[in-house]
Amino acid sequence: MCSLLIFYSCFLISFTVNGETTGKTIFLLAGQSNMAGRGGVINDKWDGYVPPQSSPNPSIFRLSADLNWQPASEPLHRDIDYYRACGVGPGMAFANSLLKRDSSIGVVGLVPCAVGGTNISEWAHGGQLYNQLIKRANAALNDGGTIKGLLWYQGESDTVYREDAELYKRRSERFFDHVRADLLLPTLPIIQVALASGAGPYIEIVREAQLDTWLVNLKTVDAKGLGLEPDRLHLTTTSQVSLGEMLAQVFPQAHHSSSFTSDASTTPHNFIIQFFNINLVHILFSLVIGNSFR
């Protein structure tokens with residue numbers, strides 16, 4: 001009986017560990033145009049230049065608009081933010097830098113979701129952008145993998161009106177809470193970018209909200225000072241590469257403090273089963289060593 005319990009316990013542990021270490025390491029990319037990427041875009045035309053740091057990598061994939069995985073290449077958001085020309089964003093530089101820092105990550109799956117010119121209120125729970133984000137996140141898990149983080153760069157549109165700027169902190173915190181709840185990842189690492197520019201005069205109010213936001217496993221990277229395109233709103237290609245590398249540098253700090261992951265199914269039923277299996281292992285080991293939960 002004792003040997004059977006040990007065997008079953010080891011089997012469950014092996015299944016859980018293998019399930020978490022195989023498949024893609026998935027990141028959600030959301031926000032507005034600077035996350036979608038306007039590096040190298042002048043007069044709504046992309047110059048086509050891809051810096052080495054953003055080059056394709058056989059270990060990096062992107063989820064297309066039709067929910068299929070394909071080798072990732074710039075522009076990552078070409079079929080997502082399709083109303084405007086997309087160029088270089090931070091996603092590819094982030095993924096390449098992350099793999100360079102830690103090759104054990106294996107395969108990175110990027111899920112583009114950003115749409116230019118969008119206000120934080122448009123990302124509210126139940127709205128089209130929010131629903132699209134959750135739909136794409138769930139679809140990314142269909143053939144295995146783990147969502148390891150949300151990269152969020154948004155807020156330029158909220159600098160136009162004072163009311164939007166003053167409500168930004170509350171709205172963004174609510175957005176982060178809803179994403180974590182709907183993905184059943186209560187400590188999902190989130191890396192947000194504090195604005196480098198804005199569409200209106202209230203940039204500092206939004207920046208202050210971003211820099212003052214405190215949530216578990218939330219990190220903020222400050223883009224202020226990075227070079228801008230002639231429109232004074234969008235980051236240059238060089239700045240997008242710098243930002244991607246900054247995001248990669250911060251990610252391990254958030255990742256190592258995270259204790260929850262997701263698997264191919266994110267329904268509440270499967271979440272409960274996973275929780276039950278993990279605790280069953282603990283119970284079995286307690287029986288083996290002669291202890292029981294009090």
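I count two strands as paired if DSSP finds at least two bridges between them. Strands (E, at least two residues) and helices (H or I, at least four) are DSSP runs, numbered from the N terminus.

**Ground rules.** I am reading a predicted model, where local features need pLDDT of at least 70, side-chain atom pairs count only at pLDDT 80 or more, and totals for chains, interfaces and linings use all residues. Residues are numbered from 1 along each chain as its sequence is written, and side-chain values use heavy atoms, with hydrogens and water left out.

**Strand 8 and its neighbours.** I looked up strand 7 (residues 146–153) against strand 8 (residues 190–194). They pair in the parallel sense over three bridges. I noted Gln192 of strand 8 as the bridge partner of Trp152. On to strand 9: strand 8 pairs with it over five bridges, also in the parallel sense. Here Gln192 has Thr220 of strand 9 as its bridge partner.

Next I checked burial (buried is under 20% relative accessible area, exposed over 50%, partly exposed in between, with a 1.4 Å probe and protein chains only). Five of the five residues of strand 8 are buried, so strand 8 is largely enclosed by the rest of the structure. Ile190, Gln192 and Ala194 are buried on one side, Ile191 and Val193 on the other.

I then followed the chain from strand 7 through helix 5 to strand 8. This β-α-β crossover is right-handed (with the strands pointing away from the viewer, the path from the first strand over the helix to the second runs clockwise). The chain goes on from strand 8 through helix 6 to strand 9, in a β-α-β crossover that is right-handed.

Angles run from 0 to 180 degrees between N-to-C directions, with axes as lines fitted to C-alpha atoms, for helices over the stretch in contact.

**Helix 5 and helix 6.** I compared helix 5 (residues 162–182) with helix 6 (residues 203–212). Their axes are 8 Å apart, at an angle of about 5 degrees. Helix 5 and helix 6 are therefore roughly parallel (under 35 degrees; over 145 is roughly antiparallel, 65 to 115 roughly perpendicular, the rest oblique). I listed the contact (heavy atoms within 4.5 Å). Helix 5 gives Arg162, Ala165, Glu166, Tyr168 and Lys169. Helix 6 gives Ile205, Val206, Ala209, Gln210 and Asp212. I sorted these residues into five nonpolar, one polar and four charged. Ala, Val, Leu, Ile, Met, Phe, Trp, Tyr, Cys and Pro count as nonpolar, Asp, Glu, Lys and Arg as charged, the others, Gly among them, as polar.

I found a cis peptide bond from Glu74 to Pro75, with omega near -10 degrees. Pro75 is in the loop between strand 5 and helix 3 (91–101).

Asn43 has phi near 55 degrees, a positive value in a residue other than glycine. It is in the loop between strand 2 (41–42) and strand 3 (45–46). Asn43 is exposed, at 74% relative accessible area. Asp44 is found in the loop between strand 2 and strand 3. Its phi is near 65 degrees, also positive. Asp44 is partly exposed, at 37%.
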